[in-house]
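The following report is a first guide to a structure, taken up place by place. Please read it with the sequence and the model side by side.

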Amino acid sequence: MPDSITRPRRLWTVLFVASLAACSRGSAPSEVSSPSGGSSGSTEAAAGSGASASANTPPRRSPRLDDPRWQRAMDDDPAGLQALADALGAAGLVEALGDGGAILRTALSALPLADDADLALGVLGKRALAATDEERGPTLEAVLGVAGRPATARDPLDPEGASEAGAAVLSIAANPALPREHRALAVSAARALAEKKILDPAKIPGDLDPP
């Protein structure tokens, strides 16, 4: 058979085998599957899309802003704060901390007034450690408010949480990188907890004390 005839046939055979091999391999190398099962390209696109959607999503408005009890308490009305603390207790006020903004600040102001405020110490300590400069001050004021309540004859409601709060305020008090006023609040809270035998007073930093 002339070579001019067999050469095109060989070319078509090579192309056909190559196409079969490509089908058997599946997706192209540029679409390598990620551990989650999707391609790396699609995962990155989804992540970028999610980040963009998150950035464009306005903050959720707290429904508590429409609650008359919260509205009264947000006016810094002592009776309103006490009524809110009596109605919600420590658990309800701690739950409201996640709303942020005015609700967060109001909940922090009301927490020391709750009868079971001791239950919030552990949560407040953790929040103080992770808080921004803007939120750290009000959070430490709440810790101090709860820790400075008069001791009662009843057993502590949450000894473990109180110990966690003690460790948190000691950590903040000893951190020279934090604002001085925040460290001072932490020292005061630590001393209030030390009076209740929750932490060792010898561990409280004294560098902020007057000479």
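Lys197 lies in the segment after helix H9 (180-195), where helices are DSSP runs of H or I with at least four residues, and strands are runs of E with at least two, numbered from the N terminus. Although Lys197 is not a glycine, it has a positive phi of about 65°. Lys197 counts as exposed because its relative accessibility is 76%; here buried means under 20% relative accessible area, exposed over 50%, and partly exposed in between, with a 1.4 Å probe and protein chains only.

This is a predicted model, in which local features need pLDDT of at least 70 and side-chain atom pairs count only at pLDDT 80 or more, while totals for chains, interfaces and linings use all residues. Residues are numbered from 1 along each chain as its sequence is written, and side-chain values use heavy atoms, with hydrogens and water left out. The chain has a mean pLDDT (the predictor's confidence in each residue, from 0 to 100) of 79, and 71% of its residues reach 70 or more. Over residues 1-55 pLDDT stays under 50, and the model has 15 contacts beyond four places in sequence for them, a contact being heavy atoms within 4.5 Å.

Salt bridges, each a side-chain nitrogen of Lys or Arg within 4 Å of a carboxyl oxygen of Asp or Glu, number 9 by this rule. Some of them are listed here.

| Pair | N to O distance |
|---|---|
| Arg61 and Asp66 | 3.0 Å |
| Glu95 and Arg64 | 3.9 Å |
| Asp67 and Arg69 | 3.1 Å |

Glu95 forms its salt bridge with Arg64, and this pair links distant parts of the chain, since Glu95 is in helix H4 (residues 78-96) and Arg64 is in the loop between H2 and H3, 31 residues apart. Glu95 is exposed at a relative accessible area of 57%, whereas Arg64 counts as buried at 19% relative accessibility. Arg60, Arg64, Glu95 and Asp99 are linked in a network of salt bridges.

Ser62 is placed in the loop between helix H2 (40-56) and helix H3 (68-74), and counts as buried at 5% relative accessibility. The side chain of Ser62 makes a polar contact with that of Asp99 (2.4 Å).

In helix H6 (residues 121-130) the buried residues are Leu121, Gly122, Leu124, Gly125 and Ala128. Seen down the axis of H6, they fall within an arc of 165°, so they line one face of the helix, the arc being that of the directions from the helix axis to the C-beta atoms.

Definitions and conventions
Polar contact = N/O pair within 3.5 Å; in protein donor to acceptor, adjacent residues only side chain to side chain.
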